[in-house]
Amino acid sequence: MSKTVKLKKGFDIKLVGEAEKQLADFKPAKTFAIKPTDFIGMQRPKVTVNEGDTVKAGTPILFDKAMEKVQYVAPVSGEIVEIKRGDRRKLLEIKILADSSISYESFDKFSEDALRSLSKQDAIEQMCKGGVWPQIIQRPFGIVANPEDTPKSIFISGFDSHPLAPDYGFLLQGEEKYFQAGIDVLSKLTSGKIHLNVKGEGAVPAIFANAKGVELNKFSGPHPAGNVGVQIHHIDPINKGDIVWTIHPYGVVQIGKLFLEGKYDASKLVAVTGSEAVKKGYVKTYIGACVDPLVAGNIKQDNIRVVSGNVLTGEKINRDGYIGYYHHQITLLPEGNQYEFLGWMKPTASRLSYHRALGLLSFLSPNKEYVLDTNTNGEERAFVQTGVFESVTPMDILPVYLLKAILAEDFDEMEELGIYEVVEEDLALCEFVDVSKHPVQEIVRKGIDLIQYS
Amino acid sequence: MKFLRDLLDKQKPLFQKGGKLENLYYLYEAGETFLFKPNHTAGIKGTQVKDAIDLKRMMITVVIAMIPCLLFGIYNTGHQHFLATGQTAGLWEDFGPKLLVGLKLVLPIVIVAYAAGGLVEAAFAVIRKHPINEGFLVTGMLIPLVVPATLPLWQVALATIFAVVIAKEVFGGTGMNILNVAMTARAFLYFAYPAQISGDQVWTYLGDKAPVDGFSGATALAVAYTAGVEGQPVTQALAEHNAALGEGLFSFMNLFIGWIPGSIGETSTLMALIGAVILIATGVASWKIIVSGFAGAYVMGLVMNLFAVNEYMAMAPEYHWVIGGLAFGVVFMATDPVSAAQTEVGKWIYGFLIGVLTVIIRVTNPAYPEGIMLAVLFMNVFAPLIDYYVVKANKKRRLQRATV
């Protein structure tokens with residue numbers, strides 16, 4: 001049964017700098033990188049190529065010794081120019097200098113009809129080999145799914161409610177055929193349903209509206225309505241022992257292409273957003289692209305931060321860094337590394353606050369867009385304010401108690417309070433609104449790690 | 001403000017690791033972060049932008065909400081003095097002199113409370129190497145407002161030090177305390193120096209002047225209690241009280257507005273309500289606690305009416321709202337987020353029980369005329385228990401879902 005869920009709790013952070021829905025002309029990136037650190041839960045990454053090797057798009061370059069079946073493949077063809085390691089030889093980046101025209105490894109090709117008779121085993125085999133498997137994320141824990149498991153259902157969030165998030169309708173336009181093929185493949189992997197959740201307000205993008213073999217649910221309300229974790233909570237909650245898989249619609253399209261075209265196509269649209277970007281729009285590139293061409297010459301001033309992803313869950317990268325594997329957006333923000341005289345006390349309308357103690361009159365301009373910098377606006381303190389985390393978490397979860405249970409390393413409490421249902425992004429808003437400036441997402445991951453590995 | 005910034009930057013190495021005054025780093029830091037919002041930026045992972053608010057801002061909002069009570073308290077202290085010594089009868093006559101008397105009495109108390117508590121905070125920050133707790137901004141203002149203007153300053157200092165050390169610092173500072181700090185200060189005074197805080201004549205400052213004939217400094221609660229014992233209807237006793245000071249000293253309206261003897265900031269229900277509006281509008285305090293606190297007192301007042309065996313029990317429930325410090329306590333003490341219940345359902349129960357307990361203590365306990373202080377402290381202790389059951393219910397829901 002399709003559901004319509006109206007969420008009241010949450011908060012939309014409205015920022016200046018949304019990407020215009022058109023392709024902007026940026027120079028193409030020359031280098032691309034796969035960062036093992038993007039794959040949460042990857043335990044023992046093993047590189048299978050050496051510096052100087054040439055690869056095609058789809059050539060395996062990396063796998064996790066804990067799950068050897070799943071291959072991580074090169075997004076583009078070219079030469080491996082650097083295998084960057086950090087402290088204690090931790091693998092950080094595998095960089096590829098791209099060829100001017102991409103050549104592809106070839107995989108088995110299926111017609112749309114042939115896909116229907118494909119066996120589950122063959123489907124998994126090709127997905128693992130063809131590099132699309134890491135698109136499937138397992139809940140609980142938010143890690144790359146294990147091909148040996150059978151999930152009770154698969155969830156796809158059809159919209160992103162994060163600040164300045166790209167529009168999926170634009171991101172995926174023209175990919176209907178592949179999306180449907182991807183769904184057909186995915187349907188073999190679960191005994192349950194595939195839930196496709198779309199925005200309650202506005203028109204549903206054609207790619208989702210016409211999809212077959214899915215349960216279309218509607219979610220309305222402020223962020224985090226688009227978070228797949230919140231959607232799972234309201235449709236088919238996770239209990240201890242359950243396994244649910246989630247996948248980004250882009251991943252579904254990638255799977256479809258792998259089976260219909262017989263190639264690993266890592267091309268994607270990335271939205272260039274943020275108040276400090278001069279040119280804002282979408283750019284066609286590949287997974288793991290270097291952001292240098294998107295940043296150089298495209299910034300209003302020099303003191304900026306480049307964020308791969310959005311401002312709530314993204315990651316700071318260098319100006320010549322690489323877009324995260326799962327990211328479809330970069331955000332250019334002003335760096336907030338300056339002092340402000342009596343900054344905590346001044347009445348102001350230029351800074352955004354969820355709390356009325358600062359933004360008392362902000363309700364008068366609900367659609368105002370803000371320029372926010374990266375200043376923490378205060379220092380870390382003990383938990384004081386109560387009731388706020390709950391008001392931005394549209395789940396039957398008590399975030400403060402959950403976080404305290406994690407800090408106390410109380411396993412039973414963590415389980416009972418819902419650690420299986422959350423990953424970092426679901427409580428990211430708590431981190432934003434926190435008066436006491438706790439690293440909420442870091443704490444959540446600590447809790448997940450504790451539960452997962454002990 | 002560049003020169004200030006330069007000055008701070010110049011001194012900074014002195015206080016940093018390896019500097020001469022390394023041990024006093026947190027004192028420097030307190031000053032620095034008071035003057036300038038720090039230049040800290042978000043980490044590599046996690047939220048890259050943060051809400052503009054911080055704990056300092058939240059705490060200062062509470063202080064702002066208390067300002068109406070403070071200003072009213074200052075003027076009322078002078079006004080009561082002039083009334084008791086028979087110098088004027090009108091409310092706004094001698095405005096200036098009344099204000100001066102009030103300022104002369106109240107300001108030193110505020111200064112002593114902030115100074116004494118500030119010193120303790122600073123000492124703990126230096127010894128334990130933690131930042132100065134902003135919570136003291138609020139405590140330092142709350143304590144003066146819940147004591148009578150006639151309280152000796154050394155008692156103010158002692159109570160503040162006791163409260164900050166015993167109720168807060170031993171638990172680890174703001175955010176870790178179990179009891180409301182200001183209420184602990186008041187309780188300390190109550191049990192250590194009852195003569196100064198619960199006598200009959202203490203509430204009104206007389207100075208070197210003699211009181212007018214027939215003056216009694218008893219508070220409304222004391223009058224109500226005595227009336228209850230003597231079998232006179234409480235409202236009548238209140239209305240007739242201190243006729244020497246002009247009619248209607250303890251009329252309902254006067255009790256509501258607060259032109260009565262009492263602790264500095266506690267007498268005016270109206271000012272507490274203005275504070276409540278500020279706290280609720282800014283979202284700093286839980287409206288649930290405030291509403292349920294008043295509701296609890298009213299409901300218990302009604303119950304008392306039903307089983308009235310004396311006149312105090314028969315007092316109309318709305319009087320409980322306006323006599324004594326109930327309004328102030330419910331608005332500023334019960335809503336302390338740290339010592340109150342922390343779950344949303346828990347807040348309803350917590351506030352309601354504070355109201356209920358206040359009335360029970362007031363009406364049935366012969367020893368303490370005021371109940372709000374003990375009610376808040378008592379419920380502080382029980383708040384974790386309330387939360388425990390609310391959280392347990394949440395876990396149970398989670399578990400039930402699993403079997404479906």
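What is the average pLDDT of chain A, and what share of the residues score at least 70? Chain A averages 93, and 100% of the residues reach at least 70. pLDDT is the predictor's confidence in each residue, from 0 to 100. Helices (H or I, at least four residues) and strands (E, at least two) are DSSP runs, numbered from the N terminus.

Some ground rules. This is a predicted model, in which local features need pLDDT of at least 70 and side-chain atom pairs count only at pLDDT 80 or more, while totals for chains, interfaces and linings use all residues. Residues are numbered from 1 along each chain as its sequence is written, chains are lettered from A and ligands numbered from 1 in the order in which they are written, and side-chain values use heavy atoms, with hydrogens and water left out.

Now the interface. On the chain B side 61 residues are in contact (heavy atoms within 4.5 Å) with 69 residues of chain A. The buried area is about 6100 Å², and carbon and sulfur atoms give 54% of that. Buried area here is the accessible area (1.4 Å probe) that two parts lose on being put together, summed over both. K37(B), K50(B) and R57(B) supply 14% of what chain B buries against chain A, more than any other three residues.

K50(B) also forms a salt bridge with E431(A), with the closest N and O atoms 4.0 Å apart. A salt bridge is a side-chain nitrogen of Lys or Arg within 4 Å of a carboxyl oxygen of Asp or Glu. The rule finds eight of these across the interface of chain B and chain A. Several elements of chain B supply at least two residues each to the side that touches chain A, including α1 (2–15), α3 (55–84) and α17 (372–403). α17(B) gives the most, with eight residues.

There is strand pairing too, which takes at least two DSSP bridges between the strands. β20 (residues 340–341) of chain A and β1(B) pair in the antiparallel sense over two bridges. F341(A) has F36(B) as its bridge partner.

Last, salt bridges over all chains: the whole structure has 37. In one of them, D167(A) meets K21(A) at 4.0 Å, N to O. D167(A) lies in the loop between β11 (153–157) and α3 (168–171) of chain A, and K21(A) in the loop between β1 (4–6) and β2 (31–34), so the pair ties together parts 146 residues apart in sequence.
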